[in-house]
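Reader: Please show me the chain. I have some questions about its fold and its packing.

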Amino acid sequence: PSIDETPSASCVNACQKTGNNPDPDAMDAGERKAFARGADALALLVEQSLHIAQTAINPLYVGSHPKISAVRFKGAYCAHLASTHVHALKLSSAETKVWTIGWQDVLALGQALQTGTLSGTRKTMVGGDAANARLLTEAPIGASLRDLAIGLLRKPADKAPMRVLSG
């Protein structure tokens, strides 16, 4: 987007369903506080509401910023898919633009505001059918997925090609 562009709505994706990506519900109390601070800061930057898509069971944002709408999802809508949340909230149309941001980036913003230091890492998960085991790790932003997966994947019995995906 251009520097002067503004969205019609913004949405933070803080849901996880499959177990093949880091779980935002696993944040400790300090991280939850930083997440809330990051969300409050983001709300100051947007003209419209900031929607936080979170699980129905364990909400991450329980603050009271007037521009923040914390929406709880369950079932199929609790997937780690920002477009699913945008669709369910009826935020977009052919004439509108919706910006999305991941929960880890909101957390990093909050931590930077607390400490004065911006984190250069994100949590990532290696998993799926070809993984020897699920592994939650912290990696530098922009790390090679191939390098992260070395030694953690097994060749399928049918020798089918494998893909390493992000997101």
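Reader: What share of the 167 residues in the chain is buried?

Author: This is a predicted model, where local features need pLDDT of at least 70, side-chain atom pairs count only at pLDDT 80 or more, and totals for chains, interfaces and linings use all residues. Residues are numbered from 1 along each chain as its sequence is written, and side-chain values use heavy atoms, with hydrogens and water left out. Buried means under 20% relative accessible area, exposed over 50%, partly exposed in between (1.4 Å probe, protein chains only). Of the 167 residues, the buried share is 35%.

Reader: In what order do the elements of the chain run?

Author: Helices (H or I, at least four residues) and strands (E, at least two) are DSSP runs, numbered from the N terminus. The chain has four helices and six strands. From the N terminus on, the order is β-α-β-β-α-β-α-β-β-α.

Reader: Is Leu 42 buried or exposed?

Author: Leu 42 sits in helix H1 (residues 29-45). Its relative accessible area is 15%. The cut-off for buried is under 20%, so Leu 42 is buried.

Reader: Which residues does Leu 42 touch, not counting those up to four places away in sequence?

Author: Contact means heavy atoms within 4.5 Å. The residues touched are Leu 50, Ile 101, Val 106 and Leu 109.

Reader: Which backbone nitrogen lies 2.7 Å from a polar atom of the side chain of Gln 54?

Author: Gln 54 belongs to strand E2 (residues 50-55). Gln 54 counts as buried because its relative accessibility is 1%. Its contacts beyond four places in sequence include Pro 59, Leu 60 and Tyr 61. The nitrogen at 2.7 Å is that of Leu 60.

Reader: Which element gives the most to the lining of the second largest pocket?

Author: On a 1 Å grid over the protein atoms alone, a pocket is an open set of points where a 1.4 Å probe fits, with protein on both sides within 12 Å along at least five of seven lines; lining residues have an atom within 4 Å of a point. Among the lining residues are Leu 42, Leu 50, Trp 99 and Ile 101. Strand E1 (9-14), H1 and strand E4 (98-102) each give two or more residues. With three residues, the top contributor is E4.

Note on methods: Polar contact = N/O pair within 3.5 Å; in protein donor to acceptor, adjacent residues only side chain to side chain.
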